[in-house]
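Here is a short report on one model.

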Amino acid sequence: MEATFAGKIAVITGAASGIGFTVAHHLAERGARIVGVDLNESIRDIGDRLPGTGHHGIVQNLTVPTAAAEAIDEAVRVVGTPHILVNSAGLALLDPAVDVPADRWQLTIDINLSGTFYMAQAAGRVMLEAGYGRIINLASQAAVIGLDQHAAYCASKAAVVGLTQVLSLEWARGGVTVNAVSPTVVETPLGKAAWAGERGERAKAEIPVGRFAQPEEVAALIAFLAGDDASMITGSNYLIDGGRTTV
Ligand SMILES: NC(=O)c1ccc[n+]([C@@H]2O[C@H](COP(=O)([O-])OP(=O)(O)OC[C@H]3O[C@@H](n4cnc5c(N)ncnc54)[C@H](O)[C@@H]3O)[C@@H](O)[C@H]2O)c1
């Protein structure tokens with residue numbers, strides 16, 4: 001039976017685009033109220049793009065350490081204590097390791113890792129108080145294998161898996177599960193930009209199922225981990241990679 005999210009409040013970062021928006025749509029279709037957090041101003045109108053009512057959009061730049069606490073405060077004030085947090089805000093800046101400029105390294109770490117941590121910390125505080133929470137962090141296949149020109153990205157995503165493990169053990173007794181999801185290339189704006197043309201065709205050939213992932217497939221996995229049936233699952237990193245990391 002499909003999970004129902006009636007009565008649940010889900011905070012989703014990066015919800016203006018790609019995986020974040022698709023997860024928001026998937027959960028909203030099943031009854032959740034969505035609080036979308038994004039740098040992109042279009043997040044303000046997320047309620048117009050989702051099924052159901054009672055959704056809310058928050059513009060925040062999550063590279064700013066205080067932004068996460070402000071976003072969770074606003075979510076609690078306007079919609080209520082979140083049951084679910086999905087950390088999908090992120091970016092991929094590709095450079096050969098010898099050329100990575102300091103600002104591009106720092107920006108990657110600031111959003112992919114620190115933004116994820118501060119959101120989990122702020123949401124974790126209110127979830128632990130409520131005794132219930134589901135946190136899902138977007139890592140990547142890049143967390144477990146090396147990828148050409150992905151030094152900053154791979155480092156940030158491997159760290160997200162480490163962070164997920166620590167939070168899961170600290171918060172397990174408080175009713176809060178924390179898991180990571182690690183897709184191969186997903187056909188979103190980020191995925192299409194990083195894997196365009198010949199480079200993308202080569203990457204596709206390296207995936208045993210022979211194709212990239214669709215955002216809906218990632219959303220379905222995240223929804224399972226966000227549901228009540230997944231209470232025994234915490235501290236895991238779920239690969240959704242068509243077999244890519246086994247070859
Ligand atoms: N698409 C892929 O191939 C792929 C594969 C594995 C993992 N991932 C991960 O999944 C997540 C979502 O990726 P996507 O493909 O949906 O990307 P996307 O570019 O479509 O969406 C990312 C969203 O994050 C937001 N964002 C970026 N920086 C931000 C900031 N500083 N503050 C607030 N919001 C910010 C963007 O505005 C955008 O709406 C990322 O963490 C990415 O690393 C993606």
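Helices (H or I, at least four residues) and strands (E, at least two) are DSSP runs, numbered from the N terminus. The model is predicted: local features need pLDDT of at least 70, side-chain atom pairs count only at pLDDT 80 or more, and totals for chains, interfaces and linings use all residues. Residue numbers start from 1 along each chain as its sequence is written.

**Ligand shell.** Around the ligand lie 28 residues. A residue is near a molecule if its C-beta atom, placed from the backbone, lies within 6 Å of it. The closest are Gly14, Gly18, Gly90, Leu190 and Gly191. Helix 1 (18–29), helix 4 and helix 6 (189–194) each supply at least two shell residues. Ala, Val, Leu, Ile, Met, Phe, Trp, Tyr, Cys and Pro count as nonpolar, Asp, Glu, Lys and Arg as charged, and the others, Gly among them, as polar.

| Class in the shell | Residues |
|---|---|
| Nonpolar | 14 residues |
| Polar | 13 residues |

**Helix 4.** Helix 4 runs over residues 102–130. Its 29 residues should span 42 Å at 1.5 Å a residue, and its end C-alpha atoms are 40 Å apart, which agrees. The expected span is 1.5 Å times one less than the number of residues. At serine 114 the helix bends by about 35°, the angle between axes fitted to the seven residues ending there and the seven starting there. Glycine 131 follows helix 4, with a positive phi near 80°.

**Aspartate 241.** This residue sits in the segment after strand 7 (237–240). Aspartate 241 is buried because 21 other C-beta atoms lie within 10 Å; the cut-off for buried is 20 or more.

Technical notes. Buried ≥ 20, exposed ≤ 12 C-beta atoms within 10 Å, placed from the backbone.
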